[in-house]
Amino acid sequence: MLTPMLASLLVPLLLLCRISFCQYSSDQCSWKGSGLTHEGHARDVEQVYLRCSQGALEWLYPTGAIIVNLRPNTASPAAARLSVCIKPSAESSGTNVYLDRNGKLRLLLRDQDQAQGKVQCFSIQEGALFIEAVPHTDISRRITAFQYELVSDRLWPEARSPGAPCQPCSDTEMLLAVCTNDFVARGSIKMVELEEEHSSVTVELRRLYRQKTQVFLSGGVRARRWTGHIKMPRQCGVKSGEGEFLFTGTVRFGEAWMGCAPRYKDFLRLYGEAQQQGTNPCHVDTD
């Protein structure tokens, strides 16, 4: 049964984003608003436009509802293959979050589930976020807050279909991953810990080619070793053991996630063949 607020979606709404609360840049886009300025118009639905690859939203003392439109900052056919991932903060509460596609709503996050901080992903084509305040007698303790990122389906395991994250990368995907992923490193698996929904893989690295943010920590200048943790879907069944791997992947919400991870000797063979054929997309120092 639709609440009065959800039923109001059937009425065309032409509301502008409040520019004072919208911050735009090429790398990040965030919005911060307050229900105290919205309380007198609790039945209005405000449109918010965020056109960036990552950012955050914070809605203080929520009343009424907002529609959050998440889009990349450049127009491209590849945008249709993007997914949106959101991660609520541990203090987030006071609203229910829906996906709104042409007025049809699908519940994404309940008020009471947001504090768990679990990442939720969906295709960018599934619509905008409809965030509706849950009625409370005291709104002063309610804040809805989350981070968001737009990601490629291939790079973010949560955005892909069940089982797909465990499929081996093709040769082409492997070579591109070395050139484009957030981190690329050579090392071994020391330990695997099973968490509630994911596996945490402890790795020791002897060569760190690239890391977007400092997810792997150095053991010192003389040691020339790095250690860190890489997340993987639990169903992939990764195990610790001997052998060297080339770890590639993405950094999402401050955590490293595994992408392609071939054995290093297999990567050397593939890279050598690509060099001979002139098809390697970038240079990698394999010495």
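1. Burial is used throughout, with these cut-offs: a residue is buried under 20% relative accessible area, exposed over 50%, and partly exposed in between, using a 1.4 Å probe and protein chains only. The model is predicted, so local features need pLDDT of at least 70 and side-chain atom pairs count only at pLDDT 80 or more, while totals for chains, interfaces and linings use all residues. Residues are numbered from 1 along each chain as its sequence is written, and side-chain values use heavy atoms, with hydrogens and water left out.

2. Five aromatic pairs are found in a search of the whole structure. Rings of Phe, Tyr and Trp (its six-membered ring) pair if their centres lie within 6.5 Å, and the planes count as stacked under 30 degrees apart, edge-to-face over 60 and tilted for the rest. One of the pairs is that of F183 and F216, which is edge-to-face, with 5.3 Å from centre to centre and 75 degrees between the planes. This pair links distant parts of the chain, since F183 is in strand 12 (residues 183–194) and F216 is in strand 14 (residues 216–218), 33 residues apart. Helices (H or I, at least four residues) and strands (E, at least two) are DSSP runs, numbered from the N terminus. F183 is buried, with a relative accessible area of 0%, and F216 also counts as buried, at 1%.

3. Ring pairs also link Y264, F267 and Y271 into a cluster.

4. A disulfide is a pair of cysteine sulfur atoms within 2.5 Å, and by this rule the count is three. C85 is joined to C121 with an S to S distance of 2.0 Å, and this link is right-handed, with 105 degrees about the S-S bond. The two cysteines lie in distant parts of the chain, C85 in strand 6 (residues 82–88) and C121 in strand 9 (residues 120–123), 36 residues apart. C85 counts as buried, at 1% relative accessibility.

5. The sulfur atoms of C169 and C260 are 2.0 Å apart in a disulfide, which is left-handed because the torsion about its S-S bond is about -95 degrees. C169 is in the loop between strand 11 (143–152) and helix 2 (171–180), and C260 is in the loop between strand 17 (255–258) and helix 3 (264–277), 91 residues apart. Both C169 and C260 are buried.

6. C179 and C282 form a disulfide with their sulfur atoms 2.0 Å apart, and a torsion of about -90 degrees makes this disulfide left-handed. C179 lies in helix 2 and C282 in the segment after helix 3, 103 residues apart. C179 is partly exposed at 24%, and C282 is partly exposed at 23%.

7. Which cysteine sulfur is nearest to that of C29? It is that of C52, 3.3 Å away, and C29 is in no disulfide, because this distance is too far for a bond. C29 is buried at 0% relative accessibility, and C52 is buried at 1%.

8. A nonpolar core is a set of buried Ala, Val, Leu, Ile, Met, Phe, Trp, Tyr and Cys residues joined through side-chain atoms within 4.5 Å. The largest has 25 residues, and V68, L129 and I131 have the most contacts inside it. A second, separate core of 17 residues includes L208, M232, F247 and M258.
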